Amino acid sequence: MSVPAPTLTRMTAETQPLPPPVTALSRDDARRLALRAQGLLGAPDRRAGVRGVLRQLGAVQLDTISVLARSHELVPYARLGAVDRTAVEAAYWTGTHSFEYWSHAACILPVEEWPHFAFRRRARRAKGHRWHVMEDSERSCAAVVDRLTADGPLTTSELGGGRNGGEWWDWSETKIAVEWLLDTGEVVCTQRRAWKRVYDLAERAVPDGLFHDDLDDAACLRRLVAQAGAAMGVATRADLADYHRLKGEQVDAVVADSGLVPVEVEGWGKPAWADPAALAAPPRGRHRTTLLSPFDSLIWDRPRTERIFGFTHRLEAYVPRPRRIHGYFAMPLLAGGQLVGRVDPAREGTTLVARQVSVQSAKAVAPMAQALWEAASWVGCDAVRVDRCDDPKLAAALRAELTHTGD
């Protein structure tokens with residue numbers, strides 16, 4: 001018995017489904033989308049406060065350097081203005097609203113994101129070790145868990161560990177163990193005391209509804225790519241990967257199902273994706289004038305910063321002094337939606353010292369003076385002094401504007 005051949009339908013140009021149209025964005029469109037997504041264009045949501053900023057950004061980077069303030073304080077300051085610094089600390093470290101983990105770097109993350117970092121905890125467990133080596137990892141980890149169970153939450157020193165010597169990498173066995181347990185999710189940090197991590201059992205500190213590693217890697221990655229896209233407004237593949245330090249192939253595997261939509265950005269020359277909610281409502285509102293931490297998520301990716309703002313940004317704190325161009329902790333100046341200068345600040349008593357200042361043009365002088373006085377007031381200074389500005393005319397104009405603004 002013969003079986004008739006199946007009937008084939010020939011697909012033609014008329015019958016093939018067409019790909020969805022790709023939105024074209026100008027450079028200015030992309031820049032404004034990025035600024036609004038980062039909370040730097042439009043009226044800030046003061047009712048949501050610091051925790052609202054954290055949820056919007058998805059990650060706030062931590063760093064030990066403190067000049068005007070630590071970077072995790074400077075990030076909400078840039079968006080909300082002179083928010084009380086004790087309120088900043090309380091917003092991060094009171095209750096179980098956030099936790100520390102490895103995202104773009106060591107970051108504060110909204111506690112709601114705990115399940116979405118399961119892929120990274122699994123990867124750390126599969127690796128089997130940190131870069132430090134423990135002599136008896138099983139015994140050391142068990143000892144830490146036992147102490148936290150009985151007495152936690154505790155700092156490293158309270159656990160009986162720290163550094164063996166004076167160097168930061170020379171960790172004790174207890175310090176290596178507790179950091180390994182944090183990497184793999186048995187231990188979590190949801191608070192700090194005097195800038196020291198306070199460790200607790202994750203099963204005790206993470207809310208019950210969030211304490212699980214049930215999501216597979218694909219679900220975790222979809223969420224983090226979608227969150228990064230929303231936090232950046234518009235982004236390339238490399239941008240999406242860099243935000244939470246994913247691999248390019250991880251982005252490739254999930255971006256089509258992330259909810260982000262493809263766009264073309266003038267001058268970028270690479271495929272990009274945007275948050276559809278951002279595209280639906282064109283960004284409007286007042287631009288923030290502020291100094292930015294070098295670790296601010298608006299500018300922590302150097303290639304993206306140069307692409308969007310035409311501004312070369314580099315943290316020089318770890319560059320030998322003779323090779324520094326802009327200074328130890330040069331903070332870019334954001335004004336009118338552009339990066340128009342930078343200053344390397346310091347404090348001497350109640351004087352904010354602009355050790356080195358550069359502004360792109362005379363138009364940036366008044367915003368720089370405004371930003372310096374606002375920052376001075378925020379950290380309790382009542383005077384501003386400029387030590388160095390290589391353009392004599394701009395230096396004179398800035399000093400005059402600071403005098404006028406401070407009167």
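Helices (H or I, at least four residues) and strands (E, at least two) are DSSP runs, numbered from the N terminus. This is a predicted model, in which local features need pLDDT of at least 70 and side-chain atom pairs count only at pLDDT 80 or more, while totals for chains, interfaces and linings use all residues. Residues are numbered from 1 along each chain as its sequence is written, and side-chain values use heavy atoms, with hydrogens and water left out.

**View 1. Arg 245 sits in the loop between α11 (237-243) and α12 (248-254).** Look at the backbone here: phi of Arg 245 is near 55 degrees, a positive value in a residue other than glycine. With a relative accessible area of 43%, Arg 245 is partly exposed, a label that falls between buried (under 20% relative accessible area) and exposed (over 50%), using a 1.4 Å probe and protein chains only.

**View 2. Trp 195 lies in the loop between β5 (187-193) and β6 (196-201).** Trp 195 is not a glycine, yet its phi is positive, near 70 degrees. Its relative accessibility is 22%, so Trp 195 counts as partly exposed.

**View 3. A cis peptide bond joins Gly 152 to Pro 153.** Omega for this bond is near 0 degrees. To find Pro 153, follow the loop between α6 (137-151) and α7 (156-159).

**View 4. Helix α3 (residues 71-80) packs against helix α4 (residues 85-93).** The angle is about 105 degrees and the axes are 10 Å apart; axes are lines fitted to C-alpha atoms, for helices over the stretch in contact, and angles run from 0 to 180 degrees between N-to-C directions. That makes α3 roughly perpendicular to α4, a term for angles of 65 to 115 degrees (under 35 is roughly parallel, over 145 roughly antiparallel, and the rest oblique). His 72, Glu 73 and Pro 76 of α3 make the contact with Arg 85, Val 88, Glu 89 and Tyr 92 of α4, where contact means heavy atoms within 4.5 Å.

**View 5. Three strands form an open sheet in the order β2-β4-β3, with antiparallel pairing.** At the edges are β2 (60-61) and β3 (98-102), each pairing on one side only. Strands pair if DSSP finds at least two bridges between them; β2 and β4 (residues 106-110) pair in the antiparallel sense over 2 bridges. Can you spot Val 60? Val 60 stands opposite Ile 108 in β4. Strands of a sheet pair through backbone hydrogen bonds, either parallel or antiparallel.
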